Amino acid sequence: MCTELREGCYTVEAMSELVSEIEAWKDFKKSVKKSGECQVWTGRGFGEKGYGLFKHGDFNHLAHRVAFMYYNDYDPVGIRILQSCGNKRCVKEEHLSEEPPIAAAAKFTGEAVQSPKGGR
Ligand SMILES: [Zn+2]
């Protein structure tokens with residue numbers, strides 16, 4: 001069970017259930033406010049990287065991923081969701097997109113090379 005209030009703390013099963021719950025989505029929308037071109041998450045939880053967290057039941061979900069799942073009707077497992085506007089709290093449908101696999105792969109390689117445990 002994942003109950004800590006931190007980023008990345010969610011399960012696929014719980015998220016699928018979550019999106020099927022209309023009441024949960026209504027709750028979600030209560031914490032979203034329009035801000036300029038964006039719709040930003042104003043809920044209480046924020047992960048260490050600044051993404052909004054939506055607490056539902058025993059689980060914490062990344063708010064922008066919940067929004068992406070709801071709008072696109074599938075769970076982007078293993079894929080980062082980026083905000084085109086650069087606002088990590090933004091959950092606006094038009095501002096959310098999947099990170100291209102090539103960018104993700106490049107980032108992974110870069111991290112491996114820079115690892116302090118990688119050599120002497
Ligand atoms: Zn935005």
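Trainee: What is the make-up of the protein chain in helices and strands?
Mentor: The protein chain has four helices and seven strands. In sequence order the pattern is α-α-β-β-β-β-β-α-β-β-α.

Trainee: How confident is the predictor in the protein chain, by pLDDT?
Mentor: The average pLDDT is 78, and 67% of the residues score at least 70. Residues 1-7 have a pLDDT below 50, and that stretch makes 17 contacts in the model beyond near neighbours in sequence. Residues 112-119 are also below 50, with one such contact. Where pLDDT is low, the predicted coordinates should not be read in detail.

Trainee: Why is Asp-73 called exposed?
Mentor: Asp-73 has 8 other C-beta atoms within 10 Å. The cut-off for exposed is 12 or fewer, so Asp-73 is exposed. Asp-73 is in the loop between H3 and strand E6 (81-83).

Trainee: What makes the phi of Asp-73 worth a remark?
Mentor: Its phi is near 65°, a positive value in a residue other than glycine. Most residues other than glycine have a negative phi.

Trainee: Why is Gly-47 called partly exposed?
Mentor: Gly-47 has 17 other C-beta atoms within 10 Å. Gly-47 is placed in the loop between strand E3 (45-46) and strand E4 (52-56). From Gly-47 to His-61 the C-alpha distance is 9.9 Å, with the two 14 residues apart in sequence.

Trainee: How do you know that H3 is mostly covered?
Mentor: Seven of the 10 residues of H3 are buried. They are Ala-63, His-64, Arg-65, Val-66, Ala-67, Phe-68 and Met-69. In the protein chain, buried residues make up 24% of the 120 residues.

Trainee: Which residues of the largest nonpolar core touch the most other members?
Mentor: Ala-63, Val-66, Ala-67 and Val-91 do, in a core of 16 residues. Strand E2 (38-41), E4 and helix H3 (63-72) each give two or more residues to this core. H3 supplies the largest share, five residues. In soluble globular proteins, nonpolar side chains tend to be buried together.

Trainee: What is Val-91 in contact with, leaving aside its neighbours within four places in sequence?
Mentor: The contacts of Val-91 are Val-32, Gln-39, Trp-41, Ala-63, His-64 and Ala-67.

Trainee: Why do E1 and E2 count as paired strands?
Mentor: Pairing needs at least two bridges. Four bridges join E1 (residues 32-35) to E2, so the two strands pair, and they run antiparallel. Within this pair, Val-32 has Trp-41 of E2 as its bridge partner. The hairpin has two residues between E1 and E2, and Gly-36 in the turn has a positive phi of about 65°.

Trainee: How do you know that E4 and E5 pair?
Mentor: E4 and strand E5 (residues 59-62) are joined by four bridges. The requirement is at least two, so E4 and E5 pair, in an antiparallel arrangement. Leu-53 stands opposite Leu-62 in E5. Their hairpin has two residues between the strands, and Gly-57 takes a positive phi near 60°.

Technical notes
Residues are numbered from 1 along each chain as its sequence is written. This is a predicted model: local features need pLDDT of at least 70, side-chain atom pairs count only at pLDDT 80 or more; totals for chains, interfaces and linings use all residues. A residue is buried if 20 or more other C-beta atoms lie within 10 Å of its own, exposed if 12 or fewer, and partly exposed in between; C-beta atoms are placed from the backbone. A nonpolar core is a set of buried Ala, Val, Leu, Ile, Met, Phe, Trp, Tyr and Cys residues joined through C-beta atoms within 7 Å. Two residues are in contact if their C-beta atoms, placed from the backbone, lie within 7 Å. pLDDT is the predictor's confidence in each residue, from 0 to 100.
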